[in-house]
Amino acid sequence: MSMSVTFTINRAPRTIELDDPRVTLLDLLRERLDLVGTKKGCDRGQCGACTILLNGRRVNACLALALSHDGAEILTIEGLAEGDALHPVQAAFIEHDALQCGFCTPGQVMSAVGLIEEGEAGLDPERVREGMSGNLCRCGAYRGITEAVLAATRAMGATTEEDAA
Amino acid sequence: MNRFEYVRPRTIAEAVSAAALPGSAYLAAGTNLLDLMKIGVARPARLVDLNHLPGLDAVEHRPDGSVRIGAAVRNAALAADPAFARRFPAVAEALLSGASAQLRNAATAGGNILQRTRCAYFADPDSACNRREPGSGCDARGGENRLHAVLGWSEACIATHPSDFCVPLVALDAVVEIEGPGGAREVPLRDFHRLPGTAPERESALAPGELVVALRLPPGADRFAAHARYVKLRERTSYAFAVVSAAAGLRLEAGRIVEARLALGGVAARPWRAEAAERSLAGAAPDADSFRRAAEIALADARPSGENGFKIELARRIAARALALAAAGTPARLPALPASPFASAPSGGLHG
C-alpha cells in the first residue's frame with residue numbers, strides 16, 4: 001500500500017510517495033531525495049552522524065520513521081548555508097580545524113546549530129562538551145569542535161550568563 | 001527490519017482498538033522500538049503510530065498540587081519546563097543525565113518507562129534469553145555480566161531496567177495512567193515493572209493492548225524540592241547508561257531529617273525503591289553516618305548475579321553520595337555534567 005507524506009525540507013515543500021512503511025527520515029533523505037549530506041553512521045542512534053533539525057530540534061534521523069513525522073519541517077546540512085555564505089557554525093568548523101576525515105561533520109554541525117538554538121550551554125566549554133556528546137568523532141577532533149561551537153556561539157550573539165565564566 | 005502494517009489512529013480509542021489485534025505494538029518516538037526492530041529483537045506485525053494523537057504531550061500542574069505528564073512529552077521538553085524543573089529537580093537531573101541531546105529531543109515519557117533492558121544477550125537474537133525467547137535460557141548468567149542486576153534477579157534473568165527518569169519518579173510515588181480495552185486504570189510506578197521470577201518475558205503490569213497515556217506525581221511530591229538530587233555512575237562521563245544510580249530527596253527541619261526518599265537505578269529489573277533505608281533516616285541527623293547506614297540497609301538483600309559484586313559497594317556509595325548531595329541542597333542551576341559523581345563535592349566531603 002502506497003502512502004503519501006509531505007515535508008518542508010530545507011524550506012521547500014516536498015511530497016513523497018512511500019511504498020514501504022519502514023523508511024526512516026535518514027533513508028528518505030538519502031535514498032529518495034538524494035540529500036546525502038546527512039550521513040548513515042551506525043544507523044542505531046548511537047553516533048549522531050545523521051543529526052538533522054526536525055521542527056527546529058536536533059534528532060537522530062535514523063531512529064525516526066518518516067510516516068511518524070508527516071507534515072514536519074526538516075533542516076539538513078544542505079539547507080544551512082545561504083547561497084555561498086556559510087552558516088556561522090560551518091565557518092567556525094573550518095576556522096578551528098574541527099574535523100579530520102569529515103564524515104561526522106554534517107551531524108556535528110547540525111547538532112551544534114541545535115545546541116546554540118537551545119541556549120543552555122552558552123560559553124561554558126563543559127556544557128558544550130556535554131551538549132555535544134551525542135556526536136561521536138572517530139578522528140578525535142573534539143577539541144577543535146568545542147572551540148568551533150564556542151566561536152560560533154559568540155559570532156551568533158547567542159550568549160548567556162555564562163559569558164563571564 | 002520486518003515489514004509491518006502501519007496504522008495511524010487519530011484518537012486514543014482508535015489506537016486502543018487498533019492495538020487489540022495480536023502482534024501490534026505502539027510506536028512513540030521509536031528511539032528504542034525502531035532500534036530493536038532493526039536488529040530483529042522486536043518484530044511487530046503492526047505498528048500503531050501514536051505520533052498523530054492529540055492531547056498526550058502536555059505537562060499539567062494541577063490545582064491540587066499534582067502534576068500530570070502526558071505520555072508523549074519529550075524528555076528534553078519535560079526537563080526544560082521551568083515549573084517542573086523547579087518542583088522536581090532530581091527528575092530533571094535524571095532526564096538530562098540520560099542518552100544524548102538528540103535522543104532526549106525525541107524520546108517520550110511513556111516510552112522511557114517502557115524501554116527494554118540493555119542486556120547484550122537480550123539484544124542478540126542468536127543468544128539464549130528467557131526475556132526475549134521464553135524457555136531458551138540465559139546466556140548472561142555465564143557471560144559478560146558485570147553490569148547486570150544485584151537485586152531482585154532470578155535464575156531465569158539477571159537483566160536491569162535502564163531508565164534514569166524512573167528512579168526519582170519511583171522515589172516520588174509516581175502513578176502510571178493507562179487506557180486499554182477494559183477502560184482506564186492506574187498503577188503505581190513501583191508496581192509497574194515486574195521482577196523476572198520465572199517469567200521474565202512479562203516485563204510490566206500492562207495487559208495486551210493497554211496504552212500508557214500519562215505519568216502523575218501526587219500532590220505534595222514537590223516537598224523534597226529543596227533537597228533533591230540524582231547521581232549516576234557511568235563508564236563514560238556522558239552518553240552512557242548507569243552502572244548504578246540513586247535518587248535522593250530529604251525534608252529537613254531544625255537540623256534533622258523529617259522524611260527521606262531513596263531509590264536506586266541500574267541494580268534490578270525495576271527502579272528500586274529503598275523504603276527501609278528511608279525509614280532509617282527519619283529523625284536522624286543528616287550526616288555521613290546516617291547516610292552510610294541507610295545505604296547499607298538499601299543494599300542488604302543484594303547479591304552478585306555474576307562478575308558484578310563490585311556493583312553492590314558502588315551502589316552503597318552512590319546512594320550515600322546522593323543523600324549527602326541532597327542534604328547539601330539542590331543547586332540553583334544543574335551542574336554542567338548532570339548527575340555526575342565527578343561534579344564538585346559540597347564542603348566537608350561526602351563520605352565522612
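The model is predicted, so local features need pLDDT of at least 70 and side-chain atom pairs count only at pLDDT 80 or more, while totals for chains, interfaces and linings use all residues. Residues are numbered from 1 along each chain as its sequence is written, chains are lettered from A and ligands numbered from 1 in the order in which they are written, and side-chain values use heavy atoms, with hydrogens and water left out.

**Exercise 1. The domains**

Task: find the domains of chain A and chain B, and the distance between their centres within each chain.

Solution. 
- Step 1: start with the bounds, which come from an automatic or database domain assignment. Chain A has domain 1 (3–79) and domain 2 (88–160).
- Step 2: over C-alpha atoms, the centres of these two domains of chain A lie 22 Å apart.
- Step 3: turn to chain B, where domain 1 covers 5–49 and domain 2 covers 222–328. Here the two centres, again taken over C-alpha atoms, are separated by 36 Å.

**Exercise 2. Inside chain A**

Task: describe how domain 1 of chain A meets domain 2 of chain A.

Solution. 
- Step 1: count contacts, meaning heavy atoms within 4.5 Å. Domain 1 of chain A brings 14 residues, and domain 2 of chain A brings 16.
- Step 2: look at buried area, the accessible area (1.4 Å probe) that two parts lose on being put together, summed over both. For this pair of domains in chain A it is about 1200 Å², with 61% from carbon and sulfur atoms.
- Step 3: see who contributes. A:Thr51, A:Arg58 and A:Ile77 supply 47% of the area that domain 1 of chain A buries against domain 2 of chain A, more than any other three residues.
- Step 4: search for salt bridges (a side-chain nitrogen of Lys or Arg within 4 Å of a carboxyl oxygen of Asp or Glu). There is one between the two domains of chain A. A:Arg58 also forms a salt bridge with A:Glu118, with the closest N and O atoms 2.8 Å apart.

**Exercise 3. Between the chains**

Task: characterise the interface of chain B and chain A.

Solution. 
- Step 1: the contact list holds 34 residues of chain B and 37 residues of chain A.
- Step 2: the size of an interface is often given as the accessible area lost when the parts come together. Between chain B and chain A about 3000 Å² is buried, and carbon and sulfur atoms give 48% of that.
- Step 3: four salt bridges are counted between the chains. B:Arg3 and A:Asp20 form a salt bridge too, their closest N and O atoms being 3.5 Å apart.
- Step 4: pick out the elements, where helices (H or I, at least four residues) and strands (E, at least two) are DSSP runs, numbered from the N terminus. Helix H2 (33–38), strand E3 (46–49) and helix H6 (101–106) of chain B each give two or more residues to the side that touches chain A. The largest share, five residues, comes from H6(B).

**Exercise 4. Strand partners**

Task: work out which strands pair with E1 of chain A, and in which sense.

Solution. 
- Step 1: apply the rule that two strands pair if DSSP finds at least two bridges between them.
- Step 2: E1(A), residues 3–9, runs antiparallel to E2(A), residues 12–18, with seven bridges. In this pairing A:Met3 stands opposite A:Leu18.
- Step 3: check the connection. E1(A) and E2(A) form a hairpin with two residues between them, and A:Asn10 in the turn has a positive phi of about 50°.
- Step 4: two bridges also join E1(A) to E5(A), residues 73–75, in the parallel sense. There A:Thr8 stands opposite A:Glu73.

**Exercise 5. A hairpin in chain B**

Task: describe the pairing of E6(B) with E7(B).

Solution. 
- Step 1: E6(B), residues 175–180, and E7(B), residues 183–188, are antiparallel over six bridges.
- Step 2: the hairpin joining them passes through two residues, and B:Glu177 stands opposite B:Glu186 in E7(B).
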